[in-house]
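Subject: Structure handover

Hello,

Please find the structure below. My notes on it follow.

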Amino acid sequence: MLSNDEIKARYFEFGTPIDRHGNYVNILAKDDETKQGYCTLLHYHLLNGVSDKAALKKLREYDLSEPEAAFTLRKAKEFIADVLELPLDEIRKGLTSTVNYLYQEIQPIYTRINERYEEQRHSNFMFQGVILQADEKSRSALASYIQADTSPEYWLDSQNNRLEGFDLDACKAVLAAIVQRDSQLHAAMTELKRKIRTLAEKQDFTGIKSVATEEGLL
């Protein structure tokens, strides 16, 4: 079970949404309007300005009884106050605060950080003097050969040149190099988010803009 601090840290990654237990939830936009999606992510809706009245109305539309709807709303608000430690009423009123700044300014920066991470981890990379691809198709193919304990007849570099004699050990080495780079990129992304979050907590908005500009995020 995650601690409140761990759950809060996951929330402020501003990446994949989390439920009230801190579990990452991959709910697509089209699924967010289902009963399960709406109830699971109700705290996000409230923090985005949905009123209690509107939330209860929506919950009733999913055939929740009055006690069930009230309970779901209460749990979402308790999560916001006790775990995330965010002033919901102030956010709704749009008061100038560190929290409001996080929503209006920091979230787009975090989104760009996440996007850049995905771009970087899928970009070509140098392996033993050869530039190879690291897209999902290449990753899947390498994993399949390793799982099947068989070698491909050849491999292609980033320019589609054939690399003959590409055996099982080569598959393992390339995939290991990809995973290692992923880990390095993820560590760098996490550190950058931590740096920005620390500046936000200090209300150092100039510092945030400076870091974001230096990183090419603005």
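For sorting residues, Ala, Val, Leu, Ile, Met, Phe, Trp, Tyr, Cys and Pro count as nonpolar, Asp, Glu, Lys and Arg as charged, and the others, Gly among them, as polar. This is a predicted model, in which local features need pLDDT of at least 70 and side-chain atom pairs count only at pLDDT 80 or more, while totals for chains, interfaces and linings use all residues. Residues are numbered from 1 along each chain as its sequence is written, and side-chain values use heavy atoms, with hydrogens and water left out.

The pocket

A pocket is defined on a 1 Å grid over the protein atoms alone, as an open set of points where a 1.4 Å probe fits, with protein on both sides within 12 Å along at least five of seven lines. Lining residues have an atom within 4 Å of a point. The second largest pocket has a volume of about 300 Å³ (the space filled by probe spheres set on the points, which are joined across faces, edges and corners). Its lining divides into 6 nonpolar, 3 polar and 3 charged residues. Among them are Tyr145, Trp155 and Lys137. Helices (H or I, at least four residues) and strands (E, at least two) are DSSP runs, numbered from the N terminus. Both α8 and β3 supply at least two residues of this lining, and the largest share, 4 residues, comes from α8.

Two loops

Asp149 sits in the loop between α8 (136-148) and β3 (154-156). Its phi is positive, near 55°, although Asp149 is a residue other than glycine. Asp149 counts as exposed because its relative accessibility is 58% (exposed means over 50% relative accessible area, buried under 20%, partly exposed in between, with a 1.4 Å probe and protein chains only).

Asp63, in the loop between α4 (52-61) and α5 (66-83), has a positive phi of about 70° and is not a glycine. At 69% relative accessibility, Asp63 is exposed. From Asp63 to Gln159 there are 96 residues in sequence and 56 Å in space, C-alpha to C-alpha.

Helix α10

Which residues of α10 (residues 205-214) are buried? They are Gly207, Ile208, Val211 and Ala212. Seen down the axis of α10, these buried residues fall within an arc of 130°, so they line one face of the helix (the arc is that of the directions from the helix axis to the C-beta atoms). An α-helix has 3.6 residues a turn, so residues three or four places apart point the same way. Exposed residues Thr206, Thr213 and Glu214 are on the face of α10 turned away from its buried side. After α10 comes Gly216, with a positive phi near 70°.

Salt bridges

A salt bridge is a side-chain nitrogen of Lys or Arg within 4 Å of a carboxyl oxygen of Asp or Glu. The whole structure has 15 salt bridges. One of them joins Arg116 and Glu215, at 3.1 Å from N to O. Arg116 lies in helix α7 (residues 98-121) and Glu215 in the segment after α10, so the pair ties together parts that are 99 residues apart in sequence. Arg116 is buried at 18% relative accessible area, whereas Glu215 is partly exposed at 34%.

In the salt bridge of Arg60 with Glu66, the closest N and O atoms are 2.6 Å apart. Arg60 is partly exposed at 36%, and Glu66 is partly exposed at 48%.

Regards
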